[in-house]
Amino acid sequence: MLKIIGASCVFKCDQDFSILQDGGVLFECDPHSSSNQILKIQDFATLTQEYPHLQATFYSDCVLLPAFSNAHIHFEFSNNQSHLLYGDFPTWLSSVIAHREELFENLTQGIQREINLQLASGISSVGAISSYGYDIDPLAQSPLRVTLFNEAIGSNPQALDFLYQNLLERFEKCKILKNHKFSPALAIHSPYSTHYVLSKKVALLAQSESVKLSCHFLESKEEKQWLYEKNGWFQEFFSHFFKVANAKPTMNAHEFLDLLSNLSPLFVHCLFADDAIFDKISQINGSVICAPRSNRLLNGCYLDLDRLTHVKLAPIFSTDGLSSNYSLNLIEEIRSAFFGYAHLDAEKLAKNLLLGITRFPAIALGNNNGELKEGKDADLAIFPCCGIQTSQQKPLHFVLYAQTQVKDLYINGIGEYTWKQ
Ligand SMILES: [Zn+2]
């Protein structure tokens with residue numbers, strides 16, 4: 001079963017950001033196939049002449065591009081609206097601990113709402129950080145392409161066996177649910193919150209199971225002080241919340257990276273990483289994921305993208321969870337980021353923001369999507385974008401004017417969301 005769709009403008013999201021005017025895509029759409037792929041990308045008129053018997057739809061005043069990937073999201077924090085405090089990291093983290101219980105009340109509805117929002121926002125793929133496992137079933141049953149990062153956290157030496165056992169149970173459950181759209185994976189919360197012994201076990205497990213690994217890393221200046229100078233606010237934090245007197249970090253930043261050196265890990269935030277850290281991340285084939293609005297709310301700054309470029313790391317943009325954002329819509333996220341990075345060349349930044357939610361996260365998550373190319377999975381999104389036909393700055397105008405709700409979304413060649421006005 002084959003289908004053709006086309007639009008006034010097609011963004012291939014290849015390395016050169018090729019754009020096709022009045023382009024079309026021929027793709028497989030067999031409902032029983034686990035791998036419906038893109039077969040041809042061409043001028044829409046030529047494609048429909050070549051395959052006159054096929055169903056073909058053309059979207060005027062619209063952009064057709066690869067469906068988006070939200071590489072870092074916490075569905076389990078979907079209930080937060082005004083429980084948590086913003087402005088600086090210590091205030092925020094303390095408010096998370098204080099409100100933990102109430103944030104998880106009646107969670108199923110909130111998780112489902114945000115799954116639907118991902119689909120409505122043109123997102124086909126998510127990298128979901130799962131701290132407790134509440135999101136496993138709803139995500140496995142959703143149409144989304146999911147990398148489910150089962151997270152380990154905890155620094156109390158007496159609790160490590162229990163915590164690892166709990167992680168294994170969640171991971172085993174995910175392995176049973178594994179299919180072409182659901183990939184089990186692992187996460188270490190961060191080097192400040194996860195004991196070295198537990199982190200090492202998780203890294204070894206990721207290696208032996210050949211699964212992806214994600215972690216928060218150097219998100220705050222307090223974390224940097226803790227890992228490098230072994231003092232500061234985190235000492236107070238462990239004493240106040242966990243009654244540990246004279247707590248010390250169980251590893252430094254470089255020891256943490258050494259643990260992960262064979263895993264091509266995904267590092268989230270890295271706001272306070274220095275050049276030596278970025279160098280090492282690049283050497284171990286890691287990826288860096290930004291969450292600009294989360295960074296603004298918790299740490300009052302954005303990641304310096306020039307420093308990533310310097311070590312040939314491609315920027316990836318994600319929303320993080322509702323614990324540190326007001327919306328998990330990716331177009332809104334990159335629109336905010338566009339205005340946050342006022343010093344960068346506008347047209348170049350617009351292209352990078354779009355590649356940062358398509359091509360680059362697909363590579364980091366190990367998915368065969370994120371680019372319109374023969375042989376890639378047919379994960380496609382169509383967005384209304386008034387005036388795009390005549391625009392001389394198409395990527396930039398898309399970032400500014402695209403509707404934030406997708407018109408049609410295809411995942412694995414199947415229509416999974418249609419905007420009903
Ligand atoms: Zn996060």
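Two strands pair if DSSP finds at least two bridges between them. Helices (H or I, at least four residues) and strands (E, at least two) are DSSP runs, numbered from the N terminus. Keep in mind that this is a predicted model: local features need pLDDT of at least 70, side-chain atom pairs count only at pLDDT 80 or more, and totals for chains, interfaces and linings use all residues. Residue numbers start from 1 along each chain as its sequence is written.

**Stop 1: the sheet.** Show the strands from S5 to S12. You're looking at an open sheet of eight strands with parallel pairing, in the order S5-S6-S7-S8-S9-S10-S11-S12. Strand S5 (68-73) and strand S12 (315-317) are the edge strands, each pairing on one side only. Neighbouring strands here are turned by 25° against each other on average, direction ignored; the axes behind such angles are lines fitted to C-alpha atoms, for helices over the stretch in contact, and angles run from 0 to 180 degrees between N-to-C directions.

**Stop 2: inside the sheet.** Pick S10 and strand S11 (residues 287-290), which pair in the parallel sense over three bridges. Find Leu266: opposite it, in S11, stands Ser287.

**Stop 3: a loop.** Now select Ser261, in the loop between helix H9 (253-259) and strand S10 (266-269). (Buried takes 20 or more other C-beta atoms within 10 Å, exposed 12 or fewer, partly exposed is in between, and C-beta atoms are placed from the backbone.) Draw a distance from Ser261 to Lys394: their C-alpha atoms are separated by 39 Å.

**Stop 4: helix H16.** Lys394 belongs to helix H16 (residues 394-401), where Lys394, Pro395, Phe398 and Val399 are buried. These four sit on the same side of H16, because they cover an arc of only 140° around the axis (the arc is that of the directions from the helix axis to the C-beta atoms). An α-helix has 3.6 residues a turn, so residues three or four places apart point the same way.

**Stop 5: the core.** Finish with Val63 and Leu64, which have the most contacts inside the largest nonpolar core, a set of 118 residues. Such a core is made of buried Ala, Val, Leu, Ile, Met, Phe, Trp, Tyr and Cys residues joined through C-beta atoms within 7 Å. S1 gives the most to this core, with six residues.
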